[in-house]
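Open the model in your viewer and keep the selection panel at hand. We will go stop by stop.

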Amino acid sequence: MFKNHKYIAFETIVIKEVRRFVRIWVQTLVPPAITISLYFVIFGNLVGRRIGDMGGFDYMEFIIPGLIMMAVIQNSYSNVVSSFFSHKFQRSVEEVLVSPVPNAILLGGFIVGGMVRGLLVGAIVTGMALMFVDLQIQHPIITITVILLTAVVFSLAGFINALFANSFDDISIIPTFVLTPLIYLGGVFYSSSLLPPFWQTVSALNPIFYMVNTFRYGFLGVSDVSVGPAFVILVFFGVVLFSVCLMLLNRGTGLRS
Amino acid sequence: MTTAIAISDLTKIYANGFEALKGISLEVQQGDFFALLGPNGAGKSTTIGVLSTLVRKSSGTVEIFGKNVDSHVYETKLDLGVVPQEINFSQFERVKDIVMTQAGYYGMPRKLAAERCEKYLRKLDLWDKRNDRSRTLSGGMKRRLMIARALVHEPKLLILDEPTAGVDIELRKSMWEFLTELNESGTTIILTTHYLEEAEQLCRNIAIIDQGRIVENTSMRALLAALDKQTYIVDLAKPIETLPDWGDVPVTASLLDSHSFEITVAASLTMSGLFKLFLERGIEVSALRSKSNRLEQLFLGRLTDARGDVANV
């Protein structure tokens, strides 16, 4: 029995995950940087000039927190779902399943791997944004906490998707038909105050709406929602998804026959 | 002697209702080189899957070195190394990273992991390939990589599920030597294979599994002692058109061509007796070789007997 075996196993999974997305950086790190830069140029610069102020800020400034959040959500999710499903598909997941790695450590390793990619892409996007505007962070602790929690929540969601996935189609359905609409309707490009009352109520049912607005509050000091309830929602989703992941792993869902 | 594996009343019913294991019980002693044989779909891989926890058993108990696999997860997994039938490592990773990562999963400190990684990659002739992507390896190298990976934590028990399938003869022989050496150094080995010659060469004890049941569980020596017939291919120095009359000697023979024939005789017949038989009938032999693997005959015989017993229940 090796001393610190759980920590070493955890570190091994994280290193393996980070090494994977760094090895294919052209697929994992470059595309989001290009896509988000296009958003900055087209929506922020060209279209944004005609829109004018949004929520009391220049339109470019207004959309930057949302775009960073969008990059973190998409990349945390896609890193875990594609990596873990790829392990399942190649059966290399058996390497870890036959070893004495506890399920919580296995889950934690993949989640941290997803977070690292999400946050790295978020940092790249932030760097791109600095080329367009002079960013000021009003509430650094809130900004960092909300981005970390968001990365955790979407890494966990990606893990559940990977557990149930049986084909590569199954790992693109949720991002395409669920995640992307929720992000676009989550107030990345507009303030909910522009919406009619009915759609404002509908927006309140979208968890990403709270994440984007809380993150924007961290940057700009303004938000369409209260920060407290937004944190409660984030922590709630984090705890529920973590529990579901662990339960599925303990049952062996999608992994053990 | 310590029991390496104790399986008791193990059953497995898959979600589709297929009953893969119908209450098997099996013991393998520490230090043994044990063969688990059976036709496709007999339950060999399911049994190995249960031992390695990739398959959840429906009922029964499994102990590895006296510890229950359900209640002593860490200890039993630490004692166990598994080489699966199918390639199951990432095709995009480097050879060395695959072995190092596996060591990490077992919680091995990096320095020790690096030493073990080098040790086993060298033993399995893969050290020169350590920085190559695994997908560039040949089929035989991929199998050896899986063995190196399974050994990196130096388990007391190694299970190999058809490790030499698709491997050329030369490599198979070198793998046999390696496994024999490993067994002699104290590692208990359980082997499933389709090459019955492999089991006969390597293993001391054997279990035959068929349709989810153990139909034979004995020593290799006792099993082979039960063999009562032996078949040879005889190459002739002078061609013949018809086979001679064998008289009262219990022989079955058939001409393959004018230069060779096949003959099945009682296993008790000595080589001298066999050659006397040929000389008395004017048959000049240029070469003689055993036709089929002895174990193969027994294996097929046992399966036929077992299926007959089940049908008669």
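A salt bridge is a side-chain nitrogen of Lys or Arg within 4 Å of a carboxyl oxygen of Asp or Glu. Four salt bridges are counted between chain A and chain B. Select B:Asp97 and A:Arg19 to see a salt bridge between their side chains, at 4.0 Å from N to O.

Before moving on, some ground rules. This is a predicted model, in which local features need pLDDT of at least 70, side-chain atom pairs count only at pLDDT 80 or more, and totals for chains, interfaces and linings use all residues. Residues are numbered from 1 along each chain as written, chains are lettered from A in the order written, and side-chain values use heavy atoms, without hydrogens and water.

Next, select the side of chain A that touches chain B. Which helix gives the largest share? It is α1(A), with eight residues. Helices here are DSSP runs (H or I, at least four residues), numbered from the N terminus. The touching residues of chain A are 10 nonpolar, seven polar and nine charged. Here Asp, Glu, Lys and Arg count as charged; Ala, Val, Leu, Ile, Met, Phe, Trp, Tyr, Cys and Pro as nonpolar; the others, Gly among them, as polar.

Now show both sides. The contact (heavy atoms within 4.5 Å) takes 26 residues from chain A and 32 from chain B. Color A:Phe2, A:Glu95 and A:Ser257: they supply 23% of the area that chain A buries against chain B, more than any other three residues. Buried area is the accessible area (1.4 Å probe) that two parts lose on being put together, summed over both. The two chains bury about 2,900 Å² between them.

Methods
Helix = DSSP H or I, 4+ residues; strand = E, 2+ residues; numbered from the N terminus.
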